[in-house]
Amino acid sequence: EVNGASNIVGIMKANKENKMIQTHATGLVLNLSTDSKESAASVVENDGIQAVIDAMNTFDAESEIQQRACQFMALVGGLDAAWAKRIRDEKGLSAISHVIQ
């Protein structure tokens, strides 16, 4: 069975400095997470929260990455309290705060 979330997050981790890949992959994990809670769980279980936070921190001036990442974290954090805690624990709120400033 192909795990799209695992593949996307793996590509994000392997290409942390590639703006084009991070832009599209952040959009893909957002889109995948909007499909269903199970799809969102697959992203979270494959370390997608940290991958998105890393993209935010690496490309802090890229509005498209920032917008998609914030939407992803709002969606995922709203779906499950444990995921919201994970976002806080992995410094996601700090990344969001940096974007707002």
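Trainee: How many helices and strands does the secondary structure of the chain come to?

Mentor: In this predicted model, the chain has seven helices and zero strands. Read along the sequence, the pattern is α-α-α-α-α-α-α.

Trainee: Why is the chain called as compact as a globular protein of its length?

Mentor: The globule rule gives 13 Å for 101 residues, and the radius of gyration is 12 Å, close to that value, so the chain is as compact as a globular protein of that length. Its C-alpha trace spans about 40 × 30 × 20 Å along the principal axes.

Trainee: What makes up the largest nonpolar core?

Mentor: That core has 26 residues, and M12, V29, I49 and F72 have the most contacts inside it. Two or more residues come from each of helix 1 (4-14), helix 2 (19-35), helix 3 (37-45), helix 4 (48-58), helix 5 (63-79) and helix 6 (81-89). Helix 4 gives the most, with six residues.

Trainee: Which residues is I49 in contact with, leaving aside neighbours within four places in sequence?

Mentor: They are V44, F72, V76, W83, R86, I87 and E90. Contact here requires heavy atoms within 4.5 Å.

Trainee: How do you know that K37 lies over the face of W83?

Mentor: The distance limit is 6 Å from the ring centre, with a further limit of 35 degrees from the ring normal. K37 is at 5.7 Å from the ring centre of W83 and is listed as lying over its face.

Trainee: How many aromatic pairs does a search of the whole structure find?

Mentor: The search finds zero. A pair would need ring centres within 6.5 Å.

Key: Residues numbered from 1 in each chain as written. Predicted model: local features only at pLDDT ≥ 70, side-chain atom pairs only at ≥ 80, totals over all residues. Heavy atoms only, no water. Phe/Tyr/Trp six-rings, centres within 6.5 Å; stacked < 30°, edge-to-face > 60°. Helix = DSSP H or I, 4+ residues; strand = E, 2+ residues; numbered from the N terminus. Rg over C-alpha atoms; globule rule 2.2 N^0.38 Å. Core = buried A, V, L, I, M, F, W, Y, C linked by side-chain atoms within 4.5 Å. Buried < 20%, exposed > 50% of the residue type's maximum accessible area, 1.4 Å probe, protein only.
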